[in-house]
Amino acid sequence: MNFFDTLSNLELEPFVLSFKLAFTTTLILFIIALPLAWWLSQTKSKAKPILEAITALPIVLPPSVLGFYILYTLSLNSPIGAFFDEYFGIKLVFNFTGLVIASCFYSLPFMVQPLQSGFETLNKNMLEASYISGKSKFTTLLYVALPNIKPALLTAIIVTFAHTVGEFGVVLMVGGSIPEETKVASVAIYEFVEILDYESAHIYSGIMVILSFIVLFGVYVFNAKQKKTFI
């Protein structure tokens, strides 16, 4: 089979599943990380370094370690996994739900840290003026803080999305490789290499490289334009 035959027979389902996972994870993490990043940027609590360290753990932990503990926590051998299976009939491993949960843990710092950095660069006088005018912290966050950290906001969303698309170790351990359920693009590439189908692996990997470059290039171009706007 030549290159063009391989390309014409390319299965798109792993890519569709990867982007579905990335979109779902990014949306959930934005809802979770927004108040967390805001609190971390504003608080002077002694617990702040502890929470920051916990949030950043997925960056330094090997994916196999993180994947193992997530797998164990969600499995029927743990109280959490057993509870959801017994009372709701929901299994949290080797399905798309498990992938989303694992991805949220794995990609959490990529959403929190850019947002926190953006909030910390805000002019404090602007925030104080909002509070003095009677605006609540929630209103100040939505209508004052967020519109003024557009580059950080875009970076958080795009990098989280791209990072989730590229996940491998965690999703493989928690989801396995079930077609149309948990077999994302990164897992498909791994399986192609295992069976020595390097041509398909090249095509899949090339697509991932191109998509990742386009995403990151877009982020840098947008941030550069934003900087020129404020100069």
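Predicted model: local features only at pLDDT ≥ 70, side-chain atom pairs only at ≥ 80, totals over all residues.
Start with Lys48 and Glu120, whose closest N and O atoms sit 3.7 Å apart in a salt bridge. Lys48 belongs to helix α3 (residues 48–60) and Glu120 to helix α6 (residues 96–120), so this pair ties together parts that lie 72 residues apart in sequence.

Next come Lys91 and Asp85, another salt-bridged pair, with 3.2 Å between the closest N and O atoms. Here Lys91 is partly exposed, with 49% relative accessibility, and Asp85 is partly exposed too, at 25%. Lys183 and Glu191 make up a further salt bridge, again with the closest N and O atoms 3.2 Å apart. Glu191 counts as partly exposed, its relative accessibility being 25%. As a rule, side chains of opposite charge can pair when their charged atoms come close.

Now for the backbone. Most residues other than glycine have a negative phi. Which residues go the other way? Glu180 is one of them: it is not a glycine, yet its phi is positive, about 65°. Glu180 is found in the loop between α10 (169–175) and α11 (185–194), and with 61% relative accessibility it counts as exposed. Leu196 also has a positive phi of about 65° without being a glycine. This leucine is placed in the loop between α11 and α12 (198–230), and Leu196 is likewise exposed, at 57% relative accessibility.

Helix α7 (residues 124–132) has something to show at its start, where a side-chain oxygen of Asn123 comes to within 2.8 Å of the backbone nitrogen of Asn125. After α7 comes Gly134, with a positive phi near 95°.

Last, there is Val159, a residue of helix α9 (residues 150–165). Is Val159 buried or partly exposed? With a relative accessible area of 22%, Val159 is partly exposed, because the buried label applies under 20%. Along the chain, Val159 and Gly81 are 78 residues apart, and their C-alpha atoms are separated by 30 Å.

Technical notes:
Residues numbered from 1 in each chain as written. Heavy atoms only, no water. Helix = DSSP H or I, 4+ residues; strand = E, 2+ residues; numbered from the N terminus. Buried < 20%, exposed > 50% of the residue type's maximum accessible area, 1.4 Å probe, protein only. Polar contact = N/O pair within 3.5 Å; in protein donor to acceptor, adjacent residues only side chain to side chain. Salt bridge = Lys/Arg side-chain N within 4 Å of Asp/Glu carboxyl O.
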